[in-house]
Amino acid sequence: MGRVYDDLEPVDVSGDKFEQALPLGPDGLRYGTLPNGMKYYVRHCAKPKGRAALALAVRVGSVVEEEDERGIAHIVEHLAFNATDSYSNHDIVRLLERIGAEFGACQNAYTSADETVYTLTVPTDKEGLVDETLGVMAEMAFKIRCDPADLAKERGAVLEEWRMSRDAQGRLQEAHWQLIFTGSKYADRLPIGTEAVIRRCPAERVRAFHERWYRPQHMALVAVGDFADLDATVALITARMGGGASRSAAPPPPLPVHAITPHAEPRYKVLVDRETQHPSVYVSYKHPRMRISTPADFLEHLALSVFEIAINTRLYKISRQRTPAFASASVSDEPLCATAGSCVLVATALEGQVLPALEALLTEVARVRLHGFSEAEFRRAVSELVAEVENTALEADQGYSSDIRDEYVRHFLNNEFVTGQEYEARLSKTLMPRISREAVEACAGRYRPSDSCVVKVVDHTRSCSEAQLKQVMERVAEAEAARAIGPWEEPEAPEGLMESPPEPLPLEQAIVSERYFPAPLDVTELTLCNGLRVAFRTTSFMRDEVHLTGFAVGGLSEVPPELFYTASLAGTLAGHMGVFGFPPELLGDILAGRRVDLDISEGAYYRTMRGVQSPQDLETAFQLVHLLFTTQVKLQQQEVDTAVKLVRQGIEAQLRNPLHAYHQAVRLLNYGGCYYFRQLTLEDFEAVDPALALAHHNMSWRNPAEFRLVLTGNVDRAALEPLLCAYLATIPKTGLPPPKLPKDVTPLPYSFPEEPVVEDVKVSMVSPVAQAQITFPVSLSRPVAREELVWLSLVCRALETRLLQKMRFVAGDVYTVAVSPFFGCVAPSLDGDPRGDIAVMFSCDPANKQRLVGLVLEEVAALQTGDMTGEEVATLVNLDRLTFENSQAENSYWHDVVVAGYQSKSYQLLGGDLLAVYDKNMEAREKVLGGCTPATLREAMRRMFPLPPTSRYTAISMLPRPPGLLHRIGAALAARWFGTSGSFTSTALAPPPSAGAGAAVGRKRGRGTAEGEEEDEEEAAAAMGGSGRQGSLLGPLAGTSSAAAAAPGGTVVAAVVAGVALSAGLLLWAKARRR
C-alpha cells in the first residue's frame, strides 16, 4: 500500500494490553467532571478556523417516558430554543444568528429513544461569544420554561413535524420499530410521540418531566474548536455549568436500562402501504450492542468490516446477473438503541419478486458459512479497509470540529472509544495482520434464524404471506444443513484497467500552451495536443483530496424534443453496460483499494464528469477518463432488457408517490409546459430507442477538444505532468466538427405565467398533509447581474427568516419553511437579462394552507414597503460573511469558483480572463455587503419580487383528495370496532431517525441549476461560498422532496431509476466505496 500506511508506527497491544481499555485521547484533551456531576470534553481543532462546535448531550430520550408522556422528551427539546428563564419567543434563535451560530430546522438538536443532544457552532475569534453561547446552553440544560403559553406556541411546530413523519416511509418506520422491539418498552417509544400527547399534554406534565430527568449527572458538555486556551475554556464551562441543577429537590432517579429479550423463533411480517414505491425485504438479527473499548473489541470490529465489504461485493454482483434476484442488496451492522444492535440484510426487490429476493439473501450468507470467501475476495476487501486507514492517517490533523465533537458525544452516550485519528490509524495497522480469513467468515454466524431474527417484507400490495416467508427461511436452512448450497463462483478480474497502457508523449509534445491566473486564484491552465484543456489549483486544505470536474458545452437542449427521452436515458443504458470498457461489477474488483470517484452526466447545456479522488490514485482516475473517451459502448440486448425492467419499475413506482402529480403540476406551470420538465411516462419510455441512445452516449464522450478538466486539491505538478502525457494527451483526436461555443447553445423554451395562478392539486394519500409552493418570477439586469445575485441571496435569507419567525415561532403552523432561487434554465448563449424564479415552500395542516399562502404574500409585501431593523440587516450580513469565510478553506469552494468562472458569460465577455471574472465577483460582493442597509435591502425586495407580489405569482398546493363514501364508511367501522383510524403505519429499512433529524423542505439555497451550468449570477454565488453544483444525472428519486418541484427533466428521467437501479451499475462502482 502507500508510503503513509507503511510508515505508521505500531501500537503496543501485547499481553494484557490487548484486553485493556483504549486511552481516551488524543494528548491535549481536557476531560473531567464538574462539581455538579456533569462531564466535559474540551479539545483544540483548527478547522474551521475561528470556530468551535459545542454540544450539550443528555442521556434522556423517549424511552423514559410514561404512556401519557409519549413525545414530551421531544417537546422539551423544542422548548429549549423558545422558552427559558432568560429567553422567549425566538430570542435564542435571534441571538444565535446574531453571533453567527446559524439556526435551522434539524440543524441544532435531535431527540432519540435514548438521548437528546443540542449542538451549536460559534465563532471563537470574537471576545465573549463562546461564553455567551455557553450561557445559552446552560439555560437549555437547567432553565427551560414550561408554561402553558410557551407550550401552546410550540405545539403547532411539533405537530407539523409529526405530520411530516406520516408519509409512507414514516408509517413503515413506526411499524418496523414496533415489530423489531416487540416485548420491549422501546416498541412504543418513537421519539416523535403521539398526536394525542402533542395536542393535549398539560404544561405541568412537561415541566415535571424536565425537572425529573434533566439532571447534571445525565449530561455532558463537549467543546471542540479553535480555542486559544483550553484551560480558559474549561473555566468558562465550569462557571456556566458547574453550579447548574434541576429545579426539583428530589434525588435524581436512576436511568432505566431496557434490555432486549432474545427470541429463538423468527418473527415474520408483511407490511402493506399503497404509497410504498419499491418492494423490499428486511432481515434483522438482534444482539447486544457492540461496544468498542479495547484492542480486542476493535479487532472484532475490523473483521466485521471486512466481512461486510466482501459480502456486499457479492450481492452487488448478483444484482448484475442477467436474471437478478433483486435490484440491490446490502449487509450491515446497525445500532438499534442503547442496549441493542442488529445485523441486517436488506434488498430492494423487483416487482412481485420479494420471495426470490429473500431466498437469495439468506442463501448467500449461508454460502459463506459453508464455503467462506475466496482468497481474492478476502484480499480485495482487506485492501478496501487499508485504503480507509490510510485516508484516516493522511487527514489525522484535518478533521472538522463538528465531526470530532460528535465522536465525544458518542463516547459519553455509548462509551465508544475516541483516541484521535492518528492513534486509530496506527492501531488499525497494528491489528490488520491479525485479521484472518477464518475470523471474517465466522461473522456470517451472526446471521442465523435462532439469533432473534425478524423477517419483514414491505410492498404496495400483498405479494406474499408470513407463512411463505417462513417457508423460504426453512428451505434455506434445510439446504444449508444438507450442504446443498454450492461454493461461490468468482469471475476472474484483470489486474489493472489497461492491459497495454498508451505510450506516453514527450512533455513538450503533449502540452502545447500554458496560461497562469495568479493569486488568489492561483490556477494553471494547460492545453494538450488533442485540444483537451486542463486547469489545476493546488491547495493544502486536505492531503487526501482532489476534486475533478470535466465539462463540455452542449447537452440535452441540442436534441430534438422527440428524441429527448432517448438521449436522456443514454447514460443510464450505457452505464448499465459499462462506460469504461468493463461491466460495473468487474470494474469494482479492479478498483478495489483505490480511492477514485468518477460520475458522468448530461444536463440541458453541459456534459459533465465529476468526482473526488485521492492524489495517490489520480493515475487510476485519468485512466478512467482515457477509457471513457476511447470506449464505444455496444448494445447488449440482455443487459438492455434488465435496465428496461428497472426503469419501467421506477416509472410505475413514482406514480404511487402522492407527490408525483403535485411536482408535475409545479414544473409544468412554472416553466410553461417545457418538455424538459415533464415527468417520464411509460408511453415516453416505450418510444426510447436503445441503439440510438448508445450512439448518443458514444458521440457525447468522444472528442477531447470539447472538454475542459478542472482539478482542485493536493495536486503536485511534478506528479501530474507524466499522467497528462500518458493518459490525457493520448486520447485520440477526432475528425468531428469544432467544439460548440457557448454563444451557440440552444436555450430551453421556458416561460413563467404572466398572470397570478392559484391551483390545488388534490391527490389520494394515506395521511393528510398539505404542501405549498409559492413561486415568483425574477429577472436580473445583465449589466449588474453580479450585484443583483448577491442581493437576491440576502433578500431570500431575509424573507426566510421572517417567515420562519412568524409561521413557526409565533404561530406554530409549520415545522420549517424554505426560500430559494432557481436559475437552472438560463443558457450560456443568453445575451439578455437572466430569468429565474424564487420559491417559498412549506408543508402544513391542510386546514391552514390558504391562510399561510396569504401570509407569505403579505410578508413579501411588508418587506417591500417597510424596513427591517438595523440589527436584522447586520445579522444577515454577518451570517453571509461567516459562511464565506468558512467556505474559503474548502477545496469544494475553490473548485466551484473555477468551474463556474469558466462556464460564465463574463468569461466570454472578458476574453477568457478567469482572474478578471473572479475579481469582478469579489468586487460586486463587497459592494453589496458594504452597502446593505434597511433602505437598500427594501429596494432590493422591490426589484427581486413583483410589485405588488400579488400581481404575478403561482401558488400550487397539494391537498388530500376527500375519500369516497365507501372509504369513509370503512374507516368509521374500523374506528368503531378496532379503535383505529384505518390508516396503516409503515417501516423504513433501518431504525427510525431521531425526531428533529429529518430533511428540511425546500431547494438548496444559493445556486440552483439544471445540471450545474453557471451564469454571471451563478459566478457570484460561487464567489460567496454558495452551495455546490447540483443536478447529477442520477439525483434523488423524482418526487421525493420539494426540491424535485424544480428538478429539470434530465434529472427527472434518470431519477426514475435511481431507487432501484443504483446497484445495476448506473454509477461507477467506486462511487459507493467506503471513504
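These legends accompany several views of one predicted model.

Local features here need pLDDT of at least 70, side-chain atom pairs count only at pLDDT 80 or more, and totals for chains, interfaces and linings use all residues. Residues are numbered from 1 along each chain as its sequence is written, and side-chain values use heavy atoms, leaving out hydrogens and water.

**View 1. The whole chain.** Let's start with the overview: the chain holds 36 helices and 23 strands (DSSP runs, H or I of at least four residues and E of at least two, numbered from the N terminus). Of its 1075 residues, 62% are buried (under 20% relative accessible area, 1.4 Å probe, protein chains only).

**View 2. Helix H27 meets helix H33.** The axes of H27 (residues 785-810) and H33 (residues 934-944) come within 9 Å and cross at roughly 100 degrees (lines fitted to C-alpha atoms over the stretch in contact, with angles from 0 to 180 degrees between N-to-C directions). The two helices are therefore roughly perpendicular (65 to 115 degrees). Residues in contact (heavy atoms within 4.5 Å) include Trp 791 and Leu 792 of H27 and Leu 937 and Met 941 of H33.

**View 3. A sheet of seven strands.** Here you can follow an open, mixed sheet in the order E12-E13-E14-E18-E15-E17-E16. Its edge strands, E12 (511-517) and E16 (599-602), each pair on one side only (pairing needs at least two DSSP bridges). From one strand to the next, the twist averages 15 degrees.

**View 4. Strands E14 and E18 side by side.** E14 (residues 533-538) and E18 (residues 707-713) pair in the parallel sense over six bridges. Look for Ala 535, which stands opposite Val 710 in E18.

Key. Angles under 35 degrees count as roughly parallel, over 145 as roughly antiparallel, 65 to 115 as roughly perpendicular and the rest as oblique. Buried means under 20% relative accessible area, exposed over 50%, partly exposed in between (1.4 Å probe, protein chains only).
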